[in-house]
Amino acid sequence: MATPENKLAFDGGWEYAPAPESTEHAKIDKRYGLFINGDFVAPEKGRYFDTLNPATEEKLSRVAAASDADVDKAVKAARNAYRSTWSRMKPAERGKYIYRIARIIQERAREFAAIESLDGGKPIRESRDVDIPLAAAHFFYYAGWADKLEYAFPGRKARALGVAGQIIPWNFPMLMAAWKIAPALACGNTVVLKPAETTPLTALKLAEVIADAGLPPGVVNIVTGAGETGAALVEHPGIDKVAFTGSTNVGKIIQRALAGTSKKYTLELGGKAANIIFADAAIDQAVEGIVNGIFFNQGHVCCAGSRLFVQESVADEVIQKLKERMETLIVGDPLDKNTDIGAINSAMQLEKIESYLEIGQQEGGEMHQSSCRVPERGYWCRPTIFTGVSQSNRVVQEEIFGPVLAIQTFRRFDEAIIKANNTPYGLSGGIWTDKGSKIFKMTQSLRAGVVWANTFNKFDPTSPFGGYKESGVGREGGLHGLDAYLHLGA
Amino acid sequence: MTTKRIPVAKTYKIYIGGKFPRTESGRYFPLEDKKGNVIANICRSSRKDFRNSVVAARKAQPGWAKSSAYLRGQILYRIAEMLEGRRAQFVAELVLQGATQRAAEIEVDTSIDRLIYFAGWADKYQQVFSAVNPVSSSHFNFSVLEPTGVVSIIAPDDSGLIGLISNIAPTIVGGNTCVTLASESRPLSAVSFAEVLHASDVPAGVVNILTGYRSELTEFFASHMDVNAVVYCDSGKKTARSVQVLAAENVKGVFGRTRTNWMKDDAQHPYLIRDTQEVKTTWHPIGT
Amino acid sequence: MALQAVTSRVPLPDLSRVPAVDEVGVNERVARFQSRSIKKSSKVDALKLILSMIDLTTLEGQDTPGKVRQLCQKAIHLHDSMPGLPHVAAVCVYPTMVGVAKKALVGHDINIASVATAFPSGMSTLSVKLDDTRMAVEAGANEIDMVISRGAFLAGDHRYVFDEIQAVKEACGDAHLKVILETGELGTLDRVRRASVLAMHAGADFIKTSTGKIQPAATMQVTLVMLQAIRDYYYETGRMVGMKPAGGISTAKLAVHYIVMLRETLGNAWMTPEWFRFGASTLANDVLMQIMKQSTGVYQSGDYFSKD
């Protein structure tokens, strides 16, 4: 219906003055040890590494590089705590500890949000309004399950597994820590968690909360480090369960490493989700859904809607509106309250994204970026779309993990389904239509663990999350998320 | 010469629509301790107080039901926090009403933990009791629980606190609002509990608490046409039967929770939530 | 109400092709606007812009010439102790008060808006409504705020609603026409969107949310939907239409949210009183207090700002 010849002007005019979040209340130590057995201790080999602010490239702190010996110490502490204290505690009392964690996070929310943005580059508005509240909510939700497991699995007796080794990524550091630790503890396990090497700080602050909440020493242990630390944890014979969120490649490495062992594992890996807009969609809300799906959190989202399928009759309108919406997205200082898109998490990730922008153009795709200014120092990528690409393009097949959207058109429902499913991934998908029966048909046909209808990137502690195919095994969140941390006996 | 400080005696009122009025009837009955001393004058609530409570409960119900499960869980947890903060007061009141110190402490601790127990169910009972039904036609079919509405509760007489809380908590965590008749022989804790509710972000009208004579009020608790379910806790076949007969007038849900030892662990379970929930099933075609 | 069909050869816009609106999605977008943090110079600029966009309004049965004169006085002298303030965009009164306003505003560049067409209910015959309009224009109103026939719209008689707007537009002569949808009576955002499209195609210069006489009046949600309808109409025809939320916007903070929403939905071209107005009576003083707070750093009291 619309012929988008007349354009709107978003440059210049009234602009927003800087609205910086104060960080003087956020306490970051110069150096952090490893949190093992209820205390911060120095790493055995005495090695530390820097953690930077990706928006300024400045050093925030130094954190310990856990060696095999440190991982061993942590696992032993977890095992000891499991055997002597945690597994013997009345479940309701375990629950009360987890409630305490939730409450303290709520009290210190602003500090956590500021540090999350400083360390990882995500906008303060997102940390403040989404990441930290959801993290607290996760602890609240799972705290309540601790003494109710008998109702979750009919005909089965639920028992803890023992010690869980958990490895989390850098895109939602605090939230991922909550997703891992809360259910593990609620089910009666103890934990050794390794945060990502570029974003260790909020996990270390969480360690402080855990200590303040009075949890018995060794119930939760936080070991910082890079790939080697993760490998040491995965391969340690003393853990009963591995939980990993990260890239599909590393997921496969872990799955191979665990072969032949009796360790249970859950893997939450990559994705290349299809976001499908039908002609009868609420178009303006669908455009917002595209933006939510791929541009927020800088596109560093495993379930990002990175492949757009728009029904051909509304394609021009949608793309026009999308381009205009992109012009109102503010890329900049993560600590500015108006920033929509923050810094890319690391130099390495930015390099990877930029190589895909090259590849996309070389393959013949038409690239369009918003025209906003970006700061001089730091790692930045403007919101980007590719048109004139198809399923055989690498930018359509491979996970870019940046604010880059590949756009295709389609004519019929079944065509959309075939193309949406035509990927080794299967984490999530989106459908935009005003017709209810189409939604249920889509949810029936889409091979993905999470289907968002007329919305995107919504998360809730009660809602299970996880993928099909190479997007992983297992679910986190909700009743189904308990499975990962229990042995179900007859 | 030193004069002993005269303590200020507390007036025990009732709790309706988030406020603490006296009974509109102006009547009272004295509560005596074991030695026969009058501890307090307790409001002898009238049927009009009950009527006003139902109006308040009905008004509050849609908003409470619409609030998220997360919020209801947070509020119930807050009630527990507030009760924990006033532990000493509640222990003292139970002792005043005849309990031993030890028994009173255990009752208060159990009450706090019970609130936490039900707070934890707020965002879970739906997952346990709902269903997606695999009907044979091409329809997406799902059954969810929905609160029945306004519930009248006649709390157990032999318990001042735990019996009251064990019935209020599962009722409201599921999105219902309630009007509760406190124990006749141990009414103090109920009124003090109203103060705790008031300090806990519980919206006005979600819980209403009356004190008074069962013999006068039970019939109204059971017969009011704008009440959706009635819960009674005292055994006594005659009362039970009369409640059931009166409830039939508008086909209320009737729940007799008699012969329960509220202090025990098995007195807490999610079926107390399910009792005051309806099941709603929706169908929608699957197709293009 | 006599339904007088006015045969018109102008085809109706195809309302079935207007995009659906998802309420939850709208609420989420609105929440993002509300989370914008507008500080320092951008805040002062916004506040002054808001002042310049206000239609200072009095629409009460108890209005008298004295009341209207006081309103006009306020329009001209918002807060003389603060130099450099813009004046409001217009005063808005009932047709019988237009003459009083015109006299009071001689020599000042402030528009005179009048409600018309049996405001607020719109429950009268077309000829009465046209007379109402003409009377206001003759008395000196250069802006007319009309109400649509909600009953006809809800009953699906789009032809009637469309023709009525066209007829009123004609009766306006040179005066610009704002069409009040009375969003609080339309019920859903889908209907708000469709009513907007209908009104614009029928010749509205502005579309306006509410009469301010019922609840709910203006909300950010209906305003967003209307702004998006304006945008789509602009894409299609190249013609700009203005927008006026009215009723319920009494704080500067809320008004700033609206300006953010305007900025991010329609862009720079609409950021002037020529294309955006606030229908408000008490907003001006709160904006003045905020401007004062920005320049002095001190929180203000209503005692220091005239209440006309």
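Trainee: Before we start on this predicted model, what counts as a salt bridge?

Mentor: Take a side-chain nitrogen of Lys or Arg and a carboxyl oxygen of Asp or Glu. The pair counts as a salt bridge if those atoms lie within 4 Å.

Trainee: OK, so which residue does Arg108(A) meet in a salt bridge?

Mentor: The N to O distance for this pair is 3.5 Å, and the cut-off is 4 Å, so it counts. Arg108(A) sits in the loop between α2 and α3 of chain A, and its partner is in helix α6 (residues 201-212) of chain A, 104 residues apart. The partner of Arg108(A) is Asp212(A).

Trainee: Is Arg108(A) buried or exposed?

Mentor: Buried means under 20% relative accessible area, and exposed means over 50%. Arg108(A) has a relative accessible area of 18%, so Arg108(A) is buried.

Trainee: Staying in chain A, why are Glu93(A) and Lys96(A) separated by about one helical turn?

Mentor: An α-helix has 3.6 residues a turn, so residues three or four places apart point the same way. The side chains of Glu93(A) and Lys96(A) meet in a salt bridge at 3.6 Å, N to O. Glu93(A) is partly exposed at 29% relative accessibility, and Lys96(A) is partly exposed at 24%. The separation of about one helical turn comes from their being three residues apart in helix α2 of chain A.

Trainee: Over in chain B, how many residues apart in sequence are Arg44(B) and Glu216(B)?

Mentor: These two form a salt bridge, with the closest N and O atoms 2.4 Å apart. Arg44(B) is partly exposed at 22%, and Glu216(B) is partly exposed at 24%. Arg44(B) lies in the loop between β2 (38-43) and α1 (47-66), while Glu216(B) is in helix α8 (residues 214-223), so the bridge ties together parts that are 172 residues apart.

Trainee: Now the interfaces. Which three residues supply 29% of the area that chain A buries against chain B?

Mentor: The area buried between chain A and chain B is about 2300 Å², with carbon and sulfur atoms giving 63%. In this interface, 26 residues of chain A are in contact with 26 residues of chain B. The three that supply more of chain A's share than any other three are Arg103(A), Tyr151(A) and Phe440(A).

Trainee: And which residue of chain B does Arg103(A) meet in a salt bridge?

Mentor: There are two salt bridges between chain A and chain B. One of them involves Arg103(A), at 2.6 Å, N to O. The partner of Arg103(A) is Glu81(B).

Trainee: How many charged residues are on the side of chain A that touches chain B?

Mentor: There are 11 residue pairs in polar contact between chain A and chain B. The helices α2 (91-107), α4 (124-145) and α14 (436-445) of chain A each supply at least two residues of that side. By class, the side has nine nonpolar and seven polar residues, and the charged residues number 10.

Trainee: What about chain A and chain C: how many salt bridges does the rule find there?

Mentor: This contact takes 45 residues from chain A and 39 from chain C. About 3500 Å² is buried between them, 49% of it on carbon and sulfur atoms. One salt bridge that joins these chains is Asp232(C) with Lys321(A), the closest N and O atoms being 2.9 Å apart. The count across the interface is seven.

Trainee: Last one: is Thr223(C) buried or exposed?

Mentor: Thr223(C) is found in helix α10 (residues 220-237) of chain C. Among the residues that Thr223(C) touches are Met243(C), Pro245(C) and Tyr258(C). With a relative accessible area of 0%, Thr223(C) is buried.

Key. Residues are numbered from 1 along each chain as its sequence is written. Chains are lettered from A and ligands numbered from 1 in the order in which they are written. This is a predicted model: local features need pLDDT of at least 70, side-chain atom pairs count only at pLDDT 80 or more; totals for chains, interfaces and linings use all residues. Side-chain values use heavy atoms; hydrogens and water are left out. Contact means heavy atoms within 4.5 Å. Buried area is the accessible area (1.4 Å probe) that two parts lose on being put together, summed over both. A polar contact is a pair of N or O atoms within 3.5 Å; within protein, one must be able to donate a hydrogen and the other to accept it, and residues adjacent in sequence count only if both atoms are side-chain atoms. Helices (H or I, at least four residues) and strands (E, at least two) are DSSP runs, numbered from the N terminus. Ala, Val, Leu, Ile, Met, Phe, Trp, Tyr, Cys and Pro count as nonpolar, Asp, Glu, Lys and Arg as charged, and the others, Gly among them, as polar. Buried means under 20% relative accessible area, exposed over 50%, partly exposed in between (1.4 Å probe, protein chains only).
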